[in-house]
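Colleague: I have the structure open and would like to go through a few of its parts with you. Shall we begin?
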Amino acid sequence: MISGKIKTLEANDERQYMIHENYEVYVKQGAPLGAASFHYHNFYEIIYVAEGEYSSLLENQLYSLKKGDFLLIDSNVMHKYHFIEKKHDSSRRIILWITKETLDQLSNGNMDLSACFSSQDYCAYHFPVYYEEMLSSYLMKLVMSELIDGQLQGSKEVMDRGYLTLFFAYLNLLCNTNEYMFKKEETTSHPMVEAVSSYIDTHIQELISVDDLAHLIHMSKYHFLRKFKELTGVTVHSFITNKRLINAVAGLKAGKNITQVYQESGFSDYSSFLRNFKKTFGVSPGKYKDFY
């Protein structure tokens, strides 16, 4: 007999890393106060709004989601929950985390199931009710995980791979239809974050000072520091370091050597790079490079 329960994450759970190697699916209820600062991870994330409303800031773009909407977050993209008092108390979401390696295995060379994360300028979608219900049903099947009959565990794993394959196959096809994508007027841009992020990307190999950024934004240094922290939930220094680490990860995955990577990412020396890399990813750059 198949019996199980829904896997959940508490609203104040701050975990932004995977415990399982391939993918994880959870239901999360209420305003996720544990994700109120900019963060990123080396796996993909999908947020499906099952009830209520939810808002998320990706880099400089704010998405205000309603029941039935899907948000797709690419790996190594800075994002955060955007808090609005009392507005998200009744929000219920299904969260899916999955690695590129898992999607490549499911694709089996026939279809790039990860293409939906990088194919469009905007990352949120409204699908027609029929397609929304079909996709959400696959997510619900995945989130029902813990079986009483242990002998059925192997069958459950096979079925879950099937649900994941169907979910991402349909999702990729639907994401290629422009009419389902969020329109520009449904999003809000934050010019400060956009300008700062763009400047850092352009000058990633250089020393970047707070004075330079404040001058760029035409604010006093201290006003800029306060405003940036208020908007993003992180300090300017942390934001710059995270952008450097994202660039370093891309270099490692591209096969560049570690010395080249940390220099091209703007770290002053290897010890600084190593300290920040291990703090963020839990392993040394060498071990990370070997894994990928």
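Modeller: Please keep in mind that this is a predicted model.

Colleague: How many bridges join β4 to β5, and in which sense do they run?
Modeller: Six bridges join them, and the two strands run antiparallel. β4 covers residues 53–58, while β5 covers residues 61–66.

Colleague: Which residue in β5 is the bridge partner of L57?
Modeller: That partner is L62.

Colleague: Is β4 mostly covered or mostly open?
Modeller: β4 is mostly covered, with five of its six residues buried.

Colleague: What about β4 and β7: over how many bridges do they pair?
Modeller: They pair over three bridges, in the antiparallel sense. Within this pairing, S56 stands opposite Y81 in β7.

Colleague: In what order do the strands of the sheet come?
Modeller: The sheet is open and has four strands, in the order β7-β4-β5-β10, with antiparallel pairing. Its edge strands are β7 and β10, the latter being residues 187–189, and each of them pairs on one side only. From one strand to the next, the twist averages 20°.

Colleague: And what holds such strands together in general?
Modeller: Strands of a sheet pair through backbone hydrogen bonds, either parallel or antiparallel.

Colleague: Let us turn to H79. Where does it lie, and is it buried or exposed?
Modeller: H79 lies in strand β7, which spans residues 79–81. H79 counts as buried because its relative accessible area is 3%, and the cut-off for buried is under 20%.

Colleague: Which side chain has a polar contact with that of H79?
Modeller: The side chain of H41 does, at 3.4 Å.

Colleague: What else is H79 in contact with, leaving aside its neighbours within four places in sequence?
Modeller: Its contacts include S37, F38, H39 and Y40, as well as E45 and I73. L57 and L58 are also among them, and both residues fall within the range of β4, residues 53–58.

Colleague: Changing topic, what span should helix α7 have, and what does the model give?
Modeller: At 1.5 Å a residue, the 18 residues of α7, 236–253, should span 26 Å. The end C-alpha atoms are 26 Å apart, so the model agrees with that expectation.

Colleague: How many residues of α7 are buried?
Modeller: 13 of the 18 are buried, so α7 is largely enclosed by the rest of the structure.

Colleague: Finally, which residue with a positive phi follows α7?
Modeller: That is G255, with a phi near 95°.

Definitions and conventions:
Residues numbered from 1 in each chain as written. Predicted model: local features only at pLDDT ≥ 70, side-chain atom pairs only at ≥ 80, totals over all residues. Heavy atoms only, no water. Buried < 20%, exposed > 50% of the residue type's maximum accessible area, 1.4 Å probe, protein only. Polar contact = N/O pair within 3.5 Å; in protein donor to acceptor, adjacent residues only side chain to side chain. Contact = heavy atoms within 4.5 Å. Pairing = 2+ DSSP bridges. Expected span 1.5 Å × (residues − 1). Axes fitted to C-alpha atoms, helices over the stretch in contact; angles between N-to-C directions.
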